[in-house]
Structures are given as structure tokens and as C-alpha cells.
Amino acid sequence: MFMLNHAVAEYRNQQNNQNQPTEEIIMTTKTIITTGTLLLSLCVAEAQPAADTFAPRSDGFIRDWLVFAPIMLPSDTDGAQAIDKNQLPDEAALKPKAGDKATVGAKELTWKKVKGSDYYLDFNEIAKEQTDKATAYAVCYVRCDTERTNLSLKMGSNDQGKVYLNGKALLKTSEPRSLDQDSDVARKVTLNQGVNVVVFKVVNDGGQDWQGCLRFTEANGKAVTDLAIRLEP
Ligand SMILES: [Ca+2]
């Protein structure tokens with residue numbers, strides 16, 4: 001409003017100096033105020049998005065996720081088999097909201113909003129317990145104003161990992177391993193105009209750590225950072 005008042009005062013001074021009729025100055029001032037109010041209304045409307053939107057990190061890693069963990073697995077579980085089983089029904093089509101609950105085995109778990117403190121998610125830290133054999137699901141929604149083609153989707157995981165994009169499995173690894181960036185790469189990936197669903201599943205097959213990281217890059221390796229990441233569909 002200060003800027004607006006200042007502009008009006010300056011305009012008045014200019015007009016007075018030119019000996020304009022007072023009535024005309026008042027009418028012009030009214031027009032400026034009306035236009036200013038209209039612009040302010042538009043700004044307020046723009047500042048109220050439907051859902052929180054997050055950007056990937058500067059290196060492209062997505063750090064905002066809905067996480068469902070830990071789904072505890074029997075101690076004799078083979079991680080290579082666990083990555084192929086659905087611990088939640090129809091995992092490829094998961095579309096959760098924060099607060100959604102599901103019971104796996106005898107335990108009820110809740111989908112929670114998580115912001116990774118580093119480039120990867122640390123599922124033991126998120127679950128607040130040291131697991132041995134366990135599965136985690138992480139989901140995010142990527143909203144695009146226009147279709148994005150020829151992207152690469154890159155996964156790192158400890159241990160086995162799997163990624164579905166819009167219901168289709170694009171990445172999977174069955175071997176136990178430690179976390180590295182971009183261990184698995186899917187090329188020529190398309191993000192549709194509108195909402196895209198990413199389901200990222202990571203199995204802990206034992207050991208100290210249980211982690212996963214995911215990012216999109218351009219075909220030339222440049223990190224994609226201008227994505228709108230959301231935590232509701
Ligand atoms: Ca592990």
C-alpha cells in the first residue's frame with residue numbers, strides 16, 4: 001500500500017504542477033486506487049495454492065515423500081523375494097494421503113509426510129528403530145504443467161529397491177547392497193502433463209542401514225530441479 005500511496009501522491013504533484021482541473025485529478029486517483037486494489041486481490045488469490053508444493057534439491061534428489069514404514073518381515077526373509085511381493089495390496093497403484101492407515105500383519109501403520117535431511121531417505125531414522133528385515137514405501141506426486149520427455153530416473157538403495165511411475169515398474173534391483181547415487185537408471189522416461197505418481201519401495205535385507213534416493217535428470221545428466229513435488233494427488 002505504501003508504494004501505491006506514494007505513486008498516487010507523486011501523480012497528484014505532477015498533475016497539480018500542470019494546473020489540471022481538480023475533478024480530473026480525483027477521477028484519475030480513483031482509477032489508480034481501483035486498479036491497485038484489483039491487482040492486490042489477484043496477488044492474494046495467487047498466494048493460496050491448493051496443496052503444498054516442494055522442489056527437488058539442487059542436485060535433483062527428491063526429499064519430500066509420504067512414507068509408510070516399517071513393515072517388519074520375518075528374520076529368514078530373502079530380500080530378493082520380498083521386493084517382488086506386495087506387502088501392501090496392489091503396490092503399483094498406491095495413491096495415499098498423509099494420515100491414511102493400513103494394517104500389515106498385526107501392526108497398523110500410518111502414511112507420514114517426511115522431508116529427507118540429506119539426498120536420501122534414512123528409513124531406520126524415519127521408523128525410529130533399528131530394523132533388520134523390513135519394507136518401506138515412499139510415494140510422491142509430481143505435477144507437470146506440460147509433458148516432459150526423454151528424462152532419466154535414477155535410483156540408489158540399501159538394500160533392494162523398486163520404482164513405479166504411474167503404475168508401471170521402471171526400476172528394480174534384487175541384490176543386497178549399500179547406498180550409492182544413481183545405481184540404477186531408467187532412460188527415455190516421460191512425465192505426463194498433470195499429476196504423476198511415483199512409488200518407491202525399499203527393502204532392508206539386513207545390516208546397519210536402510211536407505212533410498214531418487215532423482216530425475218535430463219538425458220545429458222543435468223539434474224531436473226524445476227518439478228512440482230506434492231504430497232497429495
Ligand atoms: Ca541394509
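Tutor: Helices (H or I, at least four residues) and strands (E, at least two) are DSSP runs, numbered from the N terminus. This is a predicted model: local features need pLDDT of at least 70, side-chain atom pairs count only at pLDDT 80 or more, and totals for chains, interfaces and linings use all residues. Residues are numbered from 1 along each chain as its sequence is written.

Student: What share of the residues in the chain is buried?
Tutor: A residue is buried if 20 or more other C-beta atoms lie within 10 Å of its own, exposed if 12 or fewer, and partly exposed in between; C-beta atoms are placed from the backbone. The chain has 233 residues. The buried share is 32%.

Student: Why is E9 largely enclosed by the rest of the structure?
Tutor: In a regular strand the side chains alternate between the two faces of the sheet. In E9, Gly161, Val163 and Leu165 are on one side, Lys162 and Tyr164 on the other, and both faces are covered. E9 is enclosed because its buried residues number five of the five.

Student: Which residue in the turn between E9 and E10 has a positive phi?
Tutor: E9 pairs with strand E10 (residues 168–173) in the antiparallel sense over five bridges (a pair needs at least two DSSP bridges). Tyr164 stands opposite Ala169 there. Two residues separate the strands of this hairpin, and the one with phi of about 50° is Asn166.

Student: Which residue in E12 stands opposite Gly161?
Tutor: E9 and E12 run antiparallel and are joined by five bridges. In E12, the residue opposite Gly161 is Val202.

Student: Which strands stand at the edges of the open sheet of four strands?
Tutor: The order is E6-E13-E8-E11, with antiparallel pairing. E8 and E13 are joined by eight bridges. Each edge strand has a single partner, so one side of each lacks a neighbour in the sheet; these are E6 (121–122) and E11.

Student: Is Cys213 buried or exposed?
Tutor: Cys213 is in strand E13, where it is the bridge partner of Gly156. Beyond its neighbours within four places in sequence, its contacts (C-beta atoms, placed from the backbone, within 7 Å) include Phe61, Tyr119 and Leu179. With 26 other C-beta atoms within 10 Å, Cys213 is buried.

Student: What is omega for the cis peptide bond that joins Asn158 and Asp159?
Tutor: Most residues other than glycine have a negative phi, and most peptide bonds are trans. Ala69 to Pro70 is a cis bond too, with omega near 0°. Asp159 sits in the loop between E8 and E9. For Asn158 and Asp159, omega is about 10°.

Student: What is the phi of Lys188?
Tutor: Asn150 in strand E8 has a positive phi of about 60°. Asn150 is exposed, with 11 other C-beta atoms within 10 Å. Lys188 lies in strand E11 and counts as exposed, with 10 C-beta neighbours inside 10 Å. The phi of Lys188 is also positive, near 55°.

Terms used. Two residues are in contact if their C-beta atoms, placed from the backbone, lie within 7 Å.
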